[in-house]
Amino acid sequence: MAERFEFSERLNAMPPYLFAEIDRMKAEKIKEGVDVIDFGVGDPDLPTPDHIVNALCESARKEENQKYPSYEGMLSFREAVAEYYMRRKGVKLDPEKEVVSLIGSKEGIAHLPLAFVNRGDYTLVPDPGYPVYHGATLLADGKPYHMILEEERGFTPDFDKIPEDVVRNAKIMFLNYPNNPTSAVCDKEFIKSAIDFCYDNNIILAHDAAYTDIYFEERPLSFLEIDSAFDVVVEFNSLSKTYNMTGWRIGFAVGNETALQGLLKVKTNVDSGVFQAVQEAGIAALLGSDDVIERNNEIYRERRDKLVNGLEKAGLKVFVPKATFYVWCKVPDGYGSMDFAKKLLNDAGILVTPGIGFGEGGEGFVRFALTRNVSVIEKAVERLEGFEF
Ligand SMILES: Cc1ncc(COP(=O)(O)O)c(C=O)c1O
């Protein structure tokens with residue numbers, strides 16, 4: 001019998017959920033009594049610091065915070081974002097015009113194409129990449145063009161390889177450094193070349209900076225630190241990873257005014273802003289001590305070193321992350337990323353994310369998330385000692 005309701009063409013065009021089989025295998029293993037070590041989740045296991053939680057509790061009691069918030073965010077929140085950008089990156093922002101609050105950076109990233117992409121227009125998306133760039137483009141009836149992040153180029157794309165007709169019809173380029181899933185960082189020259197390319201071709205450069213505060217060497221640059229960036233760059237940022245606040249749903253977009261105005265116009269039609277008590281907790285985070293960030297990074301550094309060591313001892317090729325809480329690892333010869341992920345789960349009870357889940361450019365790799373504590377990582381390393389592949 002025909003279904004009464006049919007999904008829209010744009011929903012049908014969304015890629016299938018690739019991890020269904022891995023999820024099923026994980027559930028099976030757990031049922032069999034296997035102690036599955038899950039390195040699949042990009043969600044910090046560390047708690048939100050107390051001073052932030054306390055700020056929320058206090059703010060939630062204030063009656064004025066129980067009403068609809070404004071779409072762009074409280075001025076005091078936007079001022080705190082500006083102070084954070086100046087303190088950590090030396091970037092000056094006008095809190096009235098160059099900052100918009102978001103219900104997590106995912107919300108802003110997903111809404112941007114609706115503001116600038118017409119049917120059939122292109123967006124340029126990194127591959128491998130965070131799947132939302134691709135999905136949000138399809139929801140806006142646009143066409144995602146996948147720019148392969150090339151290993152030989154330190155996991156950056158080569159803009160010269162984008163066909164001319166795609167460039168002519170491209171409205172947004174998404175980039176993400178420090179990068180999920182490869183953990184790559186990029187240098188100033190690359191950012192400059194991306195800004196110039198987007199400027200010359202009237203393309204908004206949407207930089208996803210979700211992992212900007214998780215690093216082990218040099219501080220990764222904000223794209224807005226580069227001269228003339230404000231002509232083309234909108235930067236998406238988040239409190240999720242910096243302050244262990246993934247569940248709170250608070251982020252922000254900063255930079256180019258026209259991009260922000262478009263985003264805000266979409267938001268006024270689809271959401272009602274961020275709960276003000278969460279914004280006040282966000283202010284406590286952004287204006288609080290940077291010790292929180294440093295402590296997190298020390299924890300991730302120790303985990304990184306343990307896991308990287310173990311993987312290398314097991315004979316795997318690892319890209320030692322300079323930033324992010326991900327470890328990008330090459331699969332051994334003869335395996336696809338899905339096969340290798342299944343083997344790790346079956347033979348060692350270790351769950352990782354197959355690179356193919358982030359696009360074809362991720363084939364040949366798997367991703368480990370450093371969101372498990374050191375003793376769990378040690379257990380995983382022990383299991384890998386006898387691992388045959
Ligand atoms: C690359 C990247 N961008 C954005 C996000 C979304 O973060 P949030 O919506 O919590 O700010 C994530 C979350 O995993 C991510 O990995």
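Helix α10 is mostly covered, since 10 of its 12 residues are buried, where buried means under 20% relative accessible area, exposed means over 50%, and partly exposed lies in between (1.4 Å probe, protein chains only). The model is a predicted one, in which local features need pLDDT of at least 70 and side-chain atom pairs count only at pLDDT 80 or more, while totals for chains, interfaces and linings use all residues. Residues are numbered from 1 along each chain as its sequence is written, and side-chain values use heavy atoms, with hydrogens and water left out.

Helices and strands are DSSP runs numbered from the N terminus, a helix being H or I with at least four residues and a strand being E with at least two. Helix α10 covers residues 276-287 and reaches 16 Å from its first C-alpha to its last, close to the 16 Å expected at 1.5 Å a residue; the expected span is 1.5 Å times one less than the number of residues. Among the buried residues of α10 are Q276, V278, I283 and L286, and the buried residues of this helix pack against α3 (50-60), α4 (75-89) and β8 (251-255), contact being heavy atoms within 4.5 Å.

Helix α4 has 15 residues, which should span 21 Å at 1.5 Å a residue, and its end C-alpha atoms are 20 Å apart, which agrees. The buried residues of α4, including F77, V81, Y84 and R88, pack against β2 (99-102), β7 (233-238), β8, α10 and α11 (291-313). This helix is followed by G90, whose phi is positive, near 70 degrees.

Strand β6 (residues 204-208) is mostly covered, with 5 of its 5 residues buried: I204, A206 and D208 lie on one side, and L205 and H207 on the other. Strand β5 (residues 170-175) pairs with β6 in the parallel sense over 4 bridges, two strands being paired if DSSP finds at least two bridges between them. Within this pair, F174 has A206 of β6 as its bridge partner.

An open sheet is formed by 4 strands in the order β9-β10-β13-β12, with antiparallel pairing. Strands β9 (318-319) and β12 (353-354) stand at the edges, each with a single partner strand, so one side of each is left without a neighbour in the sheet. Strand β9 pairs with β10 (residues 326-330) over 2 bridges in the antiparallel sense, and V318 stands opposite C329 in β10.
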